[in-house]
Amino acid sequence: MKKFITSFAALLICISASAQNDMKSTVLKYDSSQMENAIIYEANIRQYSPEGTFNAFTKDIPKLKSLGVKIIWLMPIHEVGMKNRKAYGNVSIEQIPENERAKYYGSHYAVKDYRSVTPNYGTKADFDKLVKTAHENGIYVILDWVPNHTAWDHAWVTEHNDYYTRDKKGNMVSPFDWTDVADLNYDNPNMRKAMLEDMKYWIEKHNIDGYRCDVAMEVPRDFWDNTAKELNKIKPVFMLMEAEQPDLMQDAFDMQYGWTVHHIFNKIYKGENTVKDFDAYMQKVLTSNEKDDVYMVFTSNHDENSWNGTEYERLGNAVEVFAALSFTMPGMPLIYNGQEYDLNKRLKFFEKDQFDHKEGKMMAIYKKLGQLKRDNIALNGGKNAASYKRIPTANDDKILAFEREKDGKKVIFIANLSNQTIETKIQLKGDFTEYMSGNKIQFRTDAPIGLQAWQYLILE
């Protein structure tokens with residue numbers, strides 16, 4: 001998180017002239033305060049629309065701007081390998097009839113060529129249009145990067161087989177149980193150099209603004225430290241790691257996953273954790289991490305949705321309160337594509353799928369929360385984050401109350417994180433406006449207040 005200001009302060013974005021892109025350059029100038037209130041949006045191009053194309057996604061970028069989105073994270077856009085491609089479960093494409101193979105697109109994370117785009121998504125010119133449109137709307141674009149492994153038919157497998165990890169018998173191996181990919185060997189300096197050059201390519205030729213780095217903890221820290229340094233020589237970049245590992249934040253990364261608090265959300269709903277577990281988490285974050293460390297806070301993402309269940313499966317009728325908490329607590333909130341459309345299905349991981357773009361309840365909720373995040377500095381969550389102070393309550397295992405404050409601006413969040421209606425007392429006094437409803441509320445320290453199950457209040 002050390003370079004958060006330099007990554008976004010007065011950032012100049014220039015569209016590179018290339019064979020694929022002769023569009024005029026676009027210039028953005030953001031200062032650090034504008035990134036303090038950022039919202040990140042994860043887009044799965046394959047599943048985002050019936051077409052599953054860059055162009056279909058690009059036309060919706062202005063709508064994302066209306067949600068307050070400032071960073072678009074694109075799941076891997078590269079061509080997926082065919083050899084050992086996953087069809088479903090642990091079944092590879094070679095194990096099913098040839099006439100049925102076309103519908104299995106495989107894992108986004110089995111990359112055949114780091115400099116390619118999946119043909120079904122469109123062309124590189126289409127991708128450049130996506131980036132240009134995002135920049136014109138004041139939004140950065142980061143690519144999902146898969147540095148730990150490649151598809152089995154990546155050119156390196158035959159041309160540079162020393163780039164790969166081997167077992168005692170000399171055979172290339174897969175990481176974990178991911179049989180559709182081969183593990184890369186970071187003891188090889190030539191492989192490291194080739195990986196860095198491929199990462200430079202998308203910044204130099206297609207003007208992207210950084211990376212979300214897959215299983216970042218499986219790659220040596222010194223690679224990340226050097227890579228971030230080299231990429232920032234081209235232009236300031238934003239680096240998100242798929243890990244919760246504070247030591248990697250010292251030099252290489254700007255933001256880490258909030259895995260711990262995500263699991264606390266799920267466990268509170270299931271009755272396995274309470275508000276006291278959330279309080280313990282916040283105490284640890286505020287006292288043991290560096291002040292400028294930033295967490296991505298989420299109720300869903302592509303892995304959670306496909307493998308562990310939709311947010312409605314995991315959070316039931318508490319979806320809204322945990323969404324509100326993710327926007328008001330310290331950190332940067334994530335919206336996974338479809339959440340704004342009340343996504344209540346597990347998107348297929350290896351096959352083409354899509355979700356309904358019919359607006360329901362959550363679009364208005366996310367717009368309202370996004371507006372508050374954008375307009376009130378008391379919710380700043382970057383390098384110069386607003387303060388966080390727990391407000392004492394009765395029933396402190398079920399009632400959460402805290403105050404965020406910066407430069408005299410305040411936001412107070414109160415929630416009943418239980419499935420029971422509770423009458424409680426909160427050490428709070430004054431007259432407030434409840435942001436979501438616009439209702440006036442008066443608090444007196446010794447006066448009880450009733451909160452329904454999973455009810456929340458945001459006070460200004």
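1. How do the residues of the lining of the second largest pocket divide into nonpolar, polar and charged? They divide into twelve nonpolar, six polar and four charged, where Ala, Val, Leu, Ile, Met, Phe, Trp, Tyr, Cys and Pro count as nonpolar, Asp, Glu, Lys and Arg as charged, and the others, Gly among them, as polar.

2. On the basis of this note: the model is predicted, so that local features need pLDDT of at least 70 and side-chain atom pairs count only at pLDDT 80 or more, while totals for chains, interfaces and linings use all residues. Residues are numbered from 1 along each chain as its sequence is written, and side-chain values use heavy atoms, with hydrogens and water left out.

3. The second largest pocket has a volume of about 370 Å³, a volume being the space filled by probe spheres set on grid points that are joined across faces, edges and corners. A pocket here is an open set of points on a 1 Å grid over the protein atoms alone, where a 1.4 Å probe fits, with protein on both sides within 12 Å along at least five of seven lines, and lining residues have an atom within 4 Å of a point. Its lining has 22 residues, of which Leu286, Lys291, Asp293, Pro330 and Ala385 lie nearest the centre. Two or more lining residues come from each of α11 (275-288), β13 (295-297) and β15 (387-390), and the largest share, four residues, is that of α11. Helices (H or I, at least four residues) and strands (E, at least two) are DSSP runs, numbered from the N terminus.

4. The largest pocket has a volume of about 470 Å³ and is lined by 20 residues, with Ser107, Trp178, Asp303, Trp307 and Phe349 nearest its centre. Helix α12 (residues 302-308) gives the most to this lining, namely three residues, and by class the lining has nine nonpolar, five polar and six charged residues.

5. Helix α14 (residues 319-328) packs on helix α15 (residues 362-375) at an angle of about 20°, with the axes 10 Å apart; axes are lines fitted to C-alpha atoms, for helices over the stretch in contact, and angles run from 0 to 180 degrees between N-to-C directions. The two helices are therefore roughly parallel to each other, a term used for angles under 35 degrees. The contact (heavy atoms within 4.5 Å) joins Val319, Glu320, Ala323, Ala324 and Phe327 of α14 to Met362, Ile365, Tyr366, Leu369, Gly370 and Lys373 of α15, and comprises eight nonpolar, one polar and two charged residues.

6. Lys124, Phe127, Asp128 and Val131 of α6 meet Tyr201, Trp202 and His206 of α8, a contact of four nonpolar, one polar and two charged residues.

Notes:
Parallel < 35°, antiparallel > 145°, perpendicular 65-115°, else oblique.
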